[in-house]
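Welcome! Please take a look at the structure below, and then we will walk through some of its features together.

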Amino acid sequence: MQKKAKGKRPVYFNDPQIDKLLGITMALIGEVSVLRERLDTIERIAAAKGLFSLAEIEAYQPDEDTAQAREQLRSEYIARVLRVLQEEVETLNQEK
Amino acid sequence: MTQQFIHPMLPQTTHDELARQNFIQTLKGYIVGQVSPGNKVVYEKVVKPKFEQEHQRSPKDRHEIRRLMQDEPYYQWWSALRRTHQEMMWESVACSVERQLPKLIEQAKDQGNTLGSLSLDPNFKIPAYQTAVDIHCMPGSYHGESTADDVAAGAVYDRGTYIYGMGWLGPLSDDMGDSLVQNYLKQQYPDFHPAKILDMGCAVGHSTLPYVDAYPEAEVHAIDIGAPLLRYGHARAEALGKRVHFSQQNAEQTNFADGSFDLVVSHILLHEIPKPAILKVLRECYRLLAPGGMMLHVEAPLYRDMDAFTAFMYDWETANNNEPFWSGMRDLDLVAVATEAGFAPDQVIQTFVPNGIWRTKTPNKSQTPSFSSRGTWFTFGATK
């Protein structure tokens, strides 16, 4: 099936690259919503089957090891998403 | 949230496909409800006062307003967001349809001709004005086919337009036909019992089916240029138990005999074709109608019925949503065009018909945020 609609796509921003960036960002925002909905389904099925309840999730307190592992996950995630911002400095450091 | 009626031809969704489509609907609600109104604030508080100070007058029409607004970052972001949303919307449906396309094609074949019929023309020529750009940015447009017996465009259209309008046309997307029948024809012409009805530019027959219910004795025909829409529309009508005769024909020139219909209708067809084609379609309506017959065309309102800023907002569709004829139609003198087509000027109808009849049938459903606040269908027509 054809993916692109025939016809010229308008340019909205002063730099057309921003138009592309918006497309990428919106697709990601959409996929986060899709993931959140899937998680919500899992939580509801689990509650319906008596595996665990939404209240248990809210009341959950991670122990020390879990909290550290999560901190690690978050740090890696943020670094991956914002990778492009670090590259400028890394390039400067490589040149020295 | 109001849900689309799940008929046997409607493409099914996986969990994530549905979540993706849900996101698209919610995003549309946000854009329409939270972002769109800001354009007027920017215009009234910033753009217009600045222009008035410089020129000692207000911007005179939608063209002048557009030239001013297109430099405003707020308008740029809103436009870019709407365009991106439109593309994401088709993608969210197309990927789901593509996954199950072989099954949908088989299902469409299995529906057979038990009630109505389907007649396709293998030598049909799609008019050039429909091939220049893909209308509404739907990839492949309404006539594109990528495989034998393709129904993809119909399936994408059925689901996509529901998401586009956030259900504003009701669970069967039939409000244009249904409201015209219940809120206009049955009210204004209670003794009108058309024996033969034609729906021009029927797409998948969303608006066609209410006429089958409203006039059970009538023979209902529906034409469109898109073969995949017609295959899907025929199978959908059969699955819903409605007798309709679908055929692939251009409304400018059909193969029906003179005077063979009592009622000829179309629903948001005229703004998809250029002015010379509109005239030909109206001439064809005149030829097809029996004496005393009636044509009715449901459309979005004309520019003369709105202020310049509202017209400017409507006009966004022209260049940004591949609607090349959207504005041309809205500037037409319809009485003049209908007269040129053969109708008597005093027989021309221009009216606003209350819409949303489906809401009275499903009173328990909570309302989705409305796609549009307008509560009427602009209807243009004439009696012969």
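Here is a short briefing, grouped by topic.

This is a predicted model, in which local features need pLDDT of at least 70, side-chain atom pairs count only at pLDDT 80 or more, and totals for chains, interfaces and linings use all residues. Residues are numbered from 1 along each chain as its sequence is written, while chains are lettered from A and ligands numbered from 1 in the order in which they are written. Helices (H or I, at least four residues) and strands (E, at least two) are DSSP runs, numbered from the N terminus.

**The sheet of chain B**

- Chain B has an open sheet of eight strands with mixed pairing, in the order β1-β4-β3-β2-β5-β6-β8-β7; two strands pair if DSSP finds at least two bridges between them.
- At the edges stand β1 (117-119) and β7 (348-354) of chain B, and because each has a single partner strand, one side of each is left without a neighbour in the sheet.
- From one strand to the next, the twist averages 20°.
- Strand β6 (residues 289-299) of chain B pairs with β8 (residues 376-383) of chain B in the antiparallel sense, over six bridges.
- With β5(B), β6(B) pairs in the parallel sense, over six bridges. Here B:L289 in β6(B) is the bridge partner of B:F261.
- How enclosed is β6(B) by the rest of the structure? Eight of its 11 residues are buried, so β6(B) is largely enclosed. A residue is buried if 20 or more other C-beta atoms lie within 10 Å of its own, exposed if 12 or fewer, and partly exposed in between, with C-beta atoms placed from the backbone.

**Helices on the sheet**

- Helix α7 (residues 175-188) of chain B lies across β5 (261-267), β6, β7 and β8 of chain B, and runs at about 100° to β7(B). For such angles, axes are lines fitted to C-alpha atoms, for helices over the stretch in contact, and angles run from 0 to 180 degrees between N-to-C directions.
- Helix α10 (residues 275-288) of chain B also packs on the sheet, where it touches β2 (196-200), β5 and β6 of chain B. The direction of α10(B) makes about 145° with that of β6(B).

**Where the chains meet**

- In all, 27 residues of chain B are in contact with 21 residues of chain A; two residues are in contact if their C-beta atoms, placed from the backbone, lie within 7 Å.
- On the side of chain B that touches chain A, α1 (15-55), α3 (73-99) and α11 (308-320) of chain B each supply at least two residues. The largest share, eight residues, comes from α3(B).
- By class, this side of chain B has 11 nonpolar, 11 polar and five charged residues. Ala, Val, Leu, Ile, Met, Phe, Trp, Tyr, Cys and Pro count as nonpolar, Asp, Glu, Lys and Arg as charged, and the others, Gly among them, as polar.

- Helix α1 (residues 16-48) of chain A and α1(B) have axes that come within 9 Å and cross at roughly 125°. These two helices are therefore oblique to each other. (Angles under 35 degrees count as roughly parallel, over 145 as roughly antiparallel, 65 to 115 as roughly perpendicular and the rest as oblique.)
- Among the residues that meet there are A:G30 and A:S33 in α1(A), and B:H15 and B:D16 in α1(B).
- The axes of α1(B) and α3(B) come within 10 Å and cross at roughly 160°, and the two helices are therefore roughly antiparallel to each other.

- B:Q56 has a positive phi of about 60° although it is not a glycine. B:Q56 sits in the loop between α1 and α2 (62-69) of chain B, and counts as exposed with 7 C-beta neighbours inside 10 Å.
- B:I268, another residue other than glycine, has a positive phi near 45°. B:I268 is in the loop between β5 and α10 of chain B, and is partly exposed, with 16 other C-beta atoms within 10 Å.
- B:E272 is placed in the loop between β5 and α10 of chain B. Is B:E272 buried or exposed? With 20 C-beta neighbours inside 10 Å, B:E272 counts as buried.
- Not counting residues up to four places away in sequence, B:E272 touches B:I135 and B:F325.
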